[in-house]
Amino acid sequence: MRGSFSRFFGLWALVTTLFVPVVSGASAPTLRSAVFLPDGSAVVLTFDTPTNRAGQTGAWPCSNVFRLTAVTQNCLWINSTAAVMYTGQPSTVVPGTTIRLQSNVLKSEDRTSAWSSGSTVVQTPTSLVAPVASISGPSSFSSGCLLGSLTLDSNTVGVRLTYAWSVKGGLPGQSGLVALLAKTTTPSITVPPVLFPVGSTTFALQVTNFLGVRSSEALFTVTRQATALAPSITIENLPQPLAIYRHLPLTLTARVHTSPCSSPRAVLPRWEVTSGGSVPMGLGYNTTELYLPPYS
């Protein structure tokens, strides 16, 4: 009897040893890579297995999940295995930046894994997209308008750019302009018109993003006229088709087009009838609008 009990106890111990339930959760996600997008606007971070997204939804501060010494903007989950870290201003993330996971924030998607840890280094993409530069501003002004300043603006596509302005060719009297451009690194430039020689000056702008990719050169020509530019006038509100009836009133509006340096209020049109009568006194002299009542 005692021997049978001993054999039973030994068998029971063996069975319970073989079939003890083992609790095993999913593997903790590993931060696999961090690579810039081709235009440098964001870093894509990928994990080897789906995550619980650290409970973050929408756009969230990158420091909630990642730890790095660089300045960051917001982050956004693309899906359970990938997130983007935006790198526009004021971000200072560059290739070679080390990104680490914060402690005790990220687990597997089913939350059964241990806390994730680890780090990766930000990589440059295999292909790069160059930024785009362009220039806008007034294209001409007259020598008689030397009071204000002329501003050219850059219209660029890219992130974290540096600006290099220059002037193409070389006209006599451009030394002051060349010196001004050489020290200008801002997106726009304001030039006193007195620095322009009479004739055409061609500006060039090239921008470089923080990944070292340079744009093609953008060109923009500004012409300084030797004499003042004459204003031009267009007549608006002309009846279509052009038919005028004496029993109906008529209102015509003149729009004055002047050079960029002139004030439209300094020029008023003078209405005249070249044949078949005259403009009634007081109805249309020195004004942008002409009103003729019925039977006038």
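**The core and its surroundings**

The largest nonpolar core has 24 residues, and V43, L45, F66, M85, V93 and I99 touch the most other members. A nonpolar core is a set of buried Ala, Val, Leu, Ile, Met, Phe, Trp, Tyr and Cys residues joined through side-chain atoms within 4.5 Å. Buried means under 20% relative accessible area, exposed means over 50%, and partly exposed lies in between (1.4 Å probe, protein chains only). The elements that give two or more residues to this core are β1 (31–36), β2 (42–47), β5, β6 (82–86) and β7 (98–101). Strands here are DSSP runs (E, at least two residues), numbered from the N terminus.

This is a predicted model: local features need pLDDT of at least 70, side-chain atom pairs count only at pLDDT 80 or more, and totals for chains, interfaces and linings use all residues. Residues are numbered from 1 along each chain as its sequence is written, and side-chain values use heavy atoms, with hydrogens and water left out.

Now take V93. Leaving out residues up to four places away in sequence, V93 touches F36, V43, L68, A70, V71, T72, M85, T87, V122, R160 and F210. Contact means heavy atoms within 4.5 Å. In soluble globular proteins, nonpolar side chains tend to be buried together.

C62 lies in the loop between β3 (59–61) and β4 (66–67) and C75 in strand β5 (residues 74–79), so the pair ties together parts that are 13 residues apart in sequence. The torsion about the S-S bond of C62 and C75 is about 105 degrees, so the disulfide is right-handed. Both C62 and C75 are buried. The structure holds one disulfide.

There is a second, separate core of 21 residues, and L152 is among its members, as are L180, V191 and F196. L152 sits in strand β11 (residues 150–154), on a covered face with L150 and S154. The uncovered face of β11 has T151 and D153. In a regular strand the side chains alternate between the two faces of the sheet.

What does β11 join? Four bridges link β11 to strand β13 (residues 188–191), and the two run antiparallel. Two strands pair if DSSP finds at least two bridges between them. The bridge partner of D153 in β13 is S188. Strand β9 (residues 135–136) is joined to β11 by two bridges, also antiparallel. There, S136 stands opposite D153.

How values were computed. Disulfide = S-S within 2.5 Å.
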